[in-house]
Amino acid sequence: MQTYFIEISYLLASVLFILGLKGLSHPETAKRGMHLAEFGMLMAIIGTLMHHEIITYTWIITGLVIGSLAGLAMGVWVPMTAMPQRTALSHAFGAFAAALVGISEYYRLGGHLDKITMGALGFEVMLGALTTTGSLLAFAKLQGMVRGTPLTFKGQNVFNMLLLATTIGIFIYLIVVPGSMPLFFVMVGLALVFGLLLVMPIGAADMPVVMSLLNSYAGLASAATGFVLSNNVLIIAGTLDGFSGFILSVLMCRAMNRSITNVLFGAFGSAAAATGQIEGQHGTMREVNLDDVAVQLAYAKQVVFVPGYGMATAQAQHAVKGLADTLEKRGVTVKYGIHPVAGRMPGHMNVLLAEANVPYSSLYELEQINPEFPATDVAIVIGANDVVNPDARDNPSSPIAGMPIIEVDHAKSVVVLKRGQGKGFSGLENPLFFKDVTGMLYGDAKESLTRLMQAVQQA
Ligand code: NAP
């Protein structure tokens, strides 16, 4: 009866996870998807607590209380801008848990395992260990505790490959001879070092791709844990996590027109920055006056907002909505052009704008918004840089050549809100800022938008 109840709750949890993922694939249903997945997790926890192998609940309850308090604190205090590093930390915890389960199982059984269990356990520990250190370094880079630019050395890729090959070699040896405990711990140590080396040459803004890849590893490690513990929900949830993470990484790379190997081994931030310096200036930037922009906006027929990372750092989403409402009251059509990799994580702009109650129907994807620009009077670029860089379209030798961009330069007029001459993630110069059609409105995006709203109200 107990086993029956556990399996039913696991089945329910798995169905809810799948429905949750389906919901997350669309902004309109994302919230519901999240709630379904949360409910699924509750089912999985209840099912697990029913296991007859549990001798005492003391440690489980202690863990649940500590974990829930930590989760609650992170949910309340971590700002939206710090979401990528928060996610990295969660991955590190998840992967560390999977690695610890594997290590304790190996230790408990004293290495007396059959080949299949050893294969699953070794896979779990290896992926769990490298994901732990990789995610911790990703966290440190994104939090600014470690330099965000790629850290490289000569022969790095060859060295990393050799290290990985050695780790996998030991793993295969252990499948054949599972009893060698020292070798098992050497494998764990090498995997921990490999995690660090894997993330070292990757720039901070490529971290979301790496993190969703690490997420995928953590998922696969959990699936392997499920095989070791004969736990069906871990196998299903781990596999879902593993593959959805991988698909997300591929989609992000596609949106940047880069391959996964280029992200992982290309040391993108450093090379791009160097090229940017060689290219140098493209002319002079034209600074515009806030009142002139307000008049332009007030008498426009159609205005398109194009947000980027700067909107997130300025937390300007509510100010954007305020300006949009003021314009709409005057009969101006307002649209938002959303690039798939604007900001620092997938859906970054969607989440922020949804928080400010911008209706989903006003958000346009790249392919939908680009044909709109010739009929757009003013395109307002809010702290976006790389995603509106025309070099990606016009300059085949640019490091970001081929990356699809939001073609604001086809609008009748472009106003760029940014604080100064700061570059975007790629470190490249942006010729858009030097075009005749473009005016630069310097200042913090939130402040500029608030002042623009007041000026439009008075226009
Ligand atoms: P971006 O190229 O990083 O540029 C952001 C701009 O915002 C900067 O030029 C900065 O200029 C400005 N800014 C910063 N703080 C500001 C503030 N408080 N007020 C006004 N402006 C501010 O951003 P993006 O155009 O969104 O491009 C995203 C980049 O991240 C792309 O290169 C993309 O490939 C990469 N990436 C994204 C993802 C993802 O999932 N979203 C994943 C991997 C990589 P100032 O310093 O002059 O103000």
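I began with burial: of the 459 residues of the protein, 49% count as buried, where buried means under 20% relative accessible area, exposed over 50% and partly exposed in between, with a 1.4 Å probe and protein chains only. I note that this is a predicted model, in which local features need pLDDT of at least 70 and side-chain atom pairs count only at pLDDT 80 or more, while totals for chains, interfaces and linings use all residues. Residues are numbered from 1 along each chain as its sequence is written, and side-chain values use heavy atoms, with hydrogens and water left out.

Overall build. I counted 18 helices and six strands in the protein; these are DSSP runs numbered from the N terminus, helices being H or I with at least four residues and strands E with at least two. The radius of gyration is 25 Å, close to the 23 Å of the globule rule for 459 residues, so the protein is as compact as a globular protein of that length; the radius is taken over C-alpha atoms, and the rule is 2.2 Å times the number of residues to the power 0.38. Along the principal axes, the C-alpha atoms fill a box of roughly 75 × 55 × 35 Å. Of the contacts with a separation of 6 or more, 78% come from residues 24 or more positions apart, a contact being heavy atoms within 4.5 Å.

Strands. I followed the pairing from β1 (residues 302-307), which runs parallel to β4 and is joined to it by five bridges; two strands pair if DSSP finds at least two bridges between them. Val306 has Val381 in β4 as its bridge partner. From β4 (residues 378-382), four bridges lead on to β5, again in parallel, with Ala379 partnered by Val414 and Ile382 by Leu417. β5 in turn is joined by five bridges to β6 (residues 438-442), also parallel, and there Val414 has Thr438 as its partner.

How covered are the residues of β4? Five of the five are buried, so β4 is largely enclosed by the rest of the structure. Val378, Ile380 and Ile382 point one way and Ala379 and Val381 the other, and all are buried. For β5 (residues 414-418) I found five of five residues buried as well, with Val414, Val416 and Lys418 on one side and Val415 and Leu417 on the other.

Helix packing. I then took α4 (residues 83-108) and α7 (residues 181-199), whose axes come within 12 Å and cross at roughly 175°. Because of that angle, α4 is roughly antiparallel to α7, a label for angles over 145 degrees; the axes are lines fitted to C-alpha atoms over the stretch in contact, and angles run from 0 to 180 degrees between N-to-C directions. Ile103, Tyr106 and Tyr107 of α4 meet Met181, Phe184, Phe185 and Val188 of α7. This contact has seven nonpolar, no polar and no charged residues.

Gln85. Is Gln85 buried or exposed? Its relative accessibility is 9%, so Gln85 counts as buried. Beyond its neighbours within four places in sequence, Gln85 is in contact with Phe139, Leu142 and Gln143.

Note on methods: Angles under 35 degrees count as roughly parallel, over 145 as roughly antiparallel, 65 to 115 as roughly perpendicular and the rest as oblique. Ala, Val, Leu, Ile, Met, Phe, Trp, Tyr, Cys and Pro count as nonpolar, Asp, Glu, Lys and Arg as charged, and the others, Gly among them, as polar.
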